[in-house]
Amino acid sequence: MSARKEAELEWAKQKYDVMAKGYQHYSRIRDSFREAKEEEDYDKILEELGGMEKFPYSRKAFLNTAEHVWGYFKKSAALEEKNRFFDLLTQCQSLPNGFLLSQPESAKLLSYIKQTLLVSYPNPYLEQSALLKKVPGTAL
């Protein structure tokens, strides 16, 4: 597989995880894709994506990313599901900046997305998301 194809597949998996760590990281990698021309450029992107594991999550970026993910469900979800999602999102506002996904608030919200919304409204793109695969104690 070419480095370009590998980088594109990895980016599709990690996009929301990177976005939840900080929009500056997301923008930097997105821009790297726009500028990439050679295989070495894609190798560098893959290396950068691999290095993103060490970064903690930003509260603001996590909240924005969760709302972005909600966009996949907003037209289909029932009112009760919407209310539950936004209740859980509100609870995440108390997260510290620079947190890990094992925090109860973030874990509950991601579990709800993964185990309720994605089960009711399957989405292959979201199902591959590294962010949702990291939900503690769950498997997709």
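Trainee: What do the side chains of Glu 48 and Arg 28 meet in?
Mentor: A salt bridge, at 2.3 Å from N to O. Keep in mind that this is a predicted model.
Trainee: Where in the chain are Glu 48 and Arg 28?
Mentor: Glu 48 is in helix H3 and Arg 28 in helix H2 (residues 23–35), so to speak distant parts of the chain, 20 residues apart. Glu 48 counts as partly exposed at 22% relative accessibility, and Arg 28 is partly exposed too, at 34%.
Trainee: How many salt bridges does a search of the whole structure find?
Mentor: Seven. Another of them joins Glu 53 and Lys 134, 3.0 Å from N to O. Glu 53 lies in the loop between H3 and H4 and Lys 134 in the segment after helix H8 (130–133), so this pair ties together parts 81 residues apart in sequence.
Trainee: Which residues are linked with Glu 53 and Lys 134 in a network of salt bridges?
Mentor: Asp 17 and Lys 21. As for Lys 134, its relative accessible area is 26%, which makes it partly exposed.
Trainee: And what does Glu 8 form with Arg 4?
Mentor: A salt bridge as well, with the closest N and O atoms 3.0 Å apart. Glu 8 and Arg 4 are four residues apart in helix H1, so about one helical turn separates them.
Trainee: OK, rings now. How many aromatic pairs does the structure hold?
Mentor: It holds 12. Take Tyr 16 and Tyr 72: their ring centres are 6.3 Å apart and the planes sit at 85°, so that pair is edge-to-face. Tyr 16 belongs to helix H1 (residues 3–21), while Tyr 72 is in the loop between helix H4 (59–70) and helix H5 (79–91), 56 residues apart.
Trainee: Is Tyr 16 buried or exposed?
Mentor: Buried, at 4% relative accessible area. Tyr 72 is partly exposed, at 33%.
Trainee: What about the rings of Tyr 57 and Phe 99?
Mentor: Those have centres 5.9 Å apart and planes at 35°, so they count as tilted. Tyr 57 is buried at 5%, and Phe 99 is buried at 2%.
Trainee: Which residue lies over the face of Tyr 57?
Mentor: Lys 21, at 5.0 Å from the ring centre. That's the Lys 21 from the salt-bridge network we talked about.
Trainee: Last one: which residues do ring pairs link into a cluster?
Mentor: Trp 11, Tyr 23, Tyr 26, Phe 33 and Tyr 42.

How values were computed: Residues are numbered from 1 along each chain as its sequence is written. This is a predicted model: local features need pLDDT of at least 70, side-chain atom pairs count only at pLDDT 80 or more; totals for chains, interfaces and linings use all residues. Side-chain values use heavy atoms; hydrogens and water are left out. Rings of Phe, Tyr and Trp (its six-membered ring) pair if their centres lie within 6.5 Å; planes under 30 degrees apart count as stacked, over 60 as edge-to-face and the rest as tilted. Helices (H or I, at least four residues) and strands (E, at least two) are DSSP runs, numbered from the N terminus. Buried means under 20% relative accessible area, exposed over 50%, partly exposed in between (1.4 Å probe, protein chains only). A charge sits over a ring if NZ of Lys or CZ of Arg is within 6 Å of the ring centre and within 35 degrees of the ring normal. A salt bridge is a side-chain nitrogen of Lys or Arg within 4 Å of a carboxyl oxygen of Asp or Glu.
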